[in-house]
Amino acid sequence: MTLEDDIAAWVAERPDWQKDAVARFCRNEAFTDEDAATVADRLVAGTYPATTAISASDIPGTSDSGEPVTLRAIAGVQGVNALLPDQRLAFGETGLTIIYGDNASGKSGYARLIRQAVTARVKGDVLGDVFAKDRSEQKASFEYAVGTNVATWTLAENQSHDLSSVRFYDEECGDAYVTLASEVSYRPSALTLLDRLSGACDQVQRALAASLAANAGERPDLPLLGDGTEARQFLDALDASTTQAQIDEASTLADEHNSVLSTRLQELTRLQGSDPGAEKSRLSQLATHWT
């Protein structure tokens with residue numbers, strides 16, 4: 001059994017939202033904080049849809065056929081940096097291709113494009129032309145070969161499984177290796193799926209924590225009730241299984257409530273304005289008469 005088979009089997013046992021997240025990562029799609037908030041809401045509501053687990057062939061890192069993959073050219077660029085449209089940047093099918101250009105000639109722009117198509121430690125953003133009057137849609141076409149079979153992938157499509165086996169390294173990737181905590185050792189690219197899933201779990205945890213904090217802020221203060229009263233007993237027994245019908249029944253007032261409350265309030269007002277000693281004498285005399 002290969003590493004990809006092991007990962008696919010493990011993912012199949014995960015919750016549906018994690019299956020969905022790993023499938024996104026296989027397509028090189030982002031998992032944003034908005035996505036995490038949506039997942040958290042669906043988990044709380046219990047409405048997250050059933051998701052089909054990935055297969056070993058979905059995991060990026062090798063071509064479907066096992067043949068070597070080579071990037072041949074980038075063409076049809078539009079709306080990326082200040083790169084001129086209708087140009088074709090070609091790479092040699094064998095050996096080393098050296099591309100020379102002065103500063104601001106477009107080398108970094110093409111590098112950012114390549115990072116979007118293949119596997120790289122740092123992806124980054126594809127920037128637009130800051131000097132353009134109107135923002136145009138970003139387009140690019142990548143010509144590559146799997147063995148002897150030529151294919152094309154465009155920037156708007158989901159991540160190409162075949163192109164994921166191509167590795168990219170530049171100065172920004174080097175900075176990530178030397179400035180972030182990491183071990184420079186061989187690590188199968190398929191394991192990055194687990195790193196990204198771990199990050200997604202942290203995002204969903206933060207979203208759930210934010211929802212709990214919001215709920216706590218909106219929760220009203222419960223009244224202070226005397227020990228042993230029916231109201232206090234009901235309040236202490238409240239939990240997630242308490243139904244609305246039970247709450248309505250417990251909070252429904254008796255028909256004579258208003259008259260009883262009025263009498264009690266009048267008596268409270270009288271007691272607060274009376275002399276405790278005189279009240280004691282009155283009650284003592286009343287007890288004697290009753291006896």
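This is a predicted model: local features need pLDDT of at least 70, side-chain atom pairs count only at pLDDT 80 or more; totals for chains, interfaces and linings use all residues.

Q: Which residue takes a positive phi in the hairpin of β4 and β5?

A: That residue is Gly147, with a positive phi near 70 degrees. The hairpin has 2 residues between its strands.

Q: How many helices and strands are there in the protein chain?

A: The protein chain has 10 helices and 6 strands. Its radius of gyration is 34 Å, well over the 19 Å that the globule rule gives for 291 residues, so the chain is more spread out than a compact globule. The C-alpha atoms fill a box of roughly 120 × 50 × 40 Å, taken along the principal axes.

Q: What share of the residues counts as buried, and what do the surface and the contacts look like?

A: Of the 291 residues, 27% count as buried. The chain exposes about 19800 Å², and carbon and sulfur atoms supply 53% of that area. As for contacts between residues at least 6 apart in sequence, 66% join residues at least 24 apart.

Q: How should I read a helix such as α2, and is it mostly covered or exposed?

A: An α-helix has 3.6 residues a turn, so residues three or four places apart point the same way. In this structure, helix α2 spans residues 16–26 and is mostly covered, with 9 of its 11 residues buried. The buried residues are Trp17, Gln18, Lys19, Ala21, Val22, Ala23, Arg24, Phe25 and Cys26.

Q: Which helices do the buried residues of α2 pack against?

A: They pack against α1 (3–12), α3 (33–45) and α6 (192–218).

Q: How do I read the pairing of strands, and in which sense do β4 and β5 pair?

A: In a regular strand the side chains alternate between the two faces of the sheet. Here strand β4 (residues 139–146) and strand β5 (residues 149–154) pair in the antiparallel sense over 6 bridges. Ser141 stands opposite Thr154 in β5, while the bridge partner of Ala145 in β5 is Val150.

Q: In which sense do β1 and β4 pair?

A: β1 and β4 also pair in the antiparallel sense, over 7 bridges. The bridge partner of Leu71 in β4 is Tyr144. Strand β4 is mostly covered, with 6 of its 8 residues buried.

Q: How should I read a nonpolar core, and which residues touch the most other members of the largest one?

A: In soluble globular proteins, nonpolar side chains tend to be buried together. The largest nonpolar core in this structure has 26 residues, of which Ile74, Val77, Leu113, Phe142 and Leu163 touch the most other members. β1 (69–78), α4 (107–117) and β4 each supply at least two residues of this core. Helix α4 gives the most, with 5 residues. A second, separate core of 19 residues includes Val22, Val39, Ala190 and Leu193.

Q: Why is α4 described as largely enclosed?

A: In α4, 9 of the 11 residues are buried, so this helix is largely enclosed by the rest of the structure. Among those buried residues are Tyr110, Leu113, Ile114 and Ala117.

Q: Which residues is Val77 in contact with, once its neighbours within four places in sequence are left aside?

A: Val77 is in contact with Leu83, Leu84, Pro85, Asp86, Tyr110, Leu113, Lys139 and Ala140.

How values were computed. Residues are numbered from 1 along each chain as its sequence is written. Side-chain values use heavy atoms; hydrogens and water are left out. Two strands pair if DSSP finds at least two bridges between them. Helices (H or I, at least four residues) and strands (E, at least two) are DSSP runs, numbered from the N terminus. Buried means under 20% relative accessible area, exposed over 50%, partly exposed in between (1.4 Å probe, protein chains only). Contact means heavy atoms within 4.5 Å. A nonpolar core is a set of buried Ala, Val, Leu, Ile, Met, Phe, Trp, Tyr and Cys residues joined through side-chain atoms within 4.5 Å. The radius of gyration is taken over C-alpha atoms; the globule rule is 2.2 Å times the number of residues to the power 0.38. Accessible areas come from the Shrake-Rupley method with a 1.4 Å probe; for residues, only the protein chains shown count as cover.
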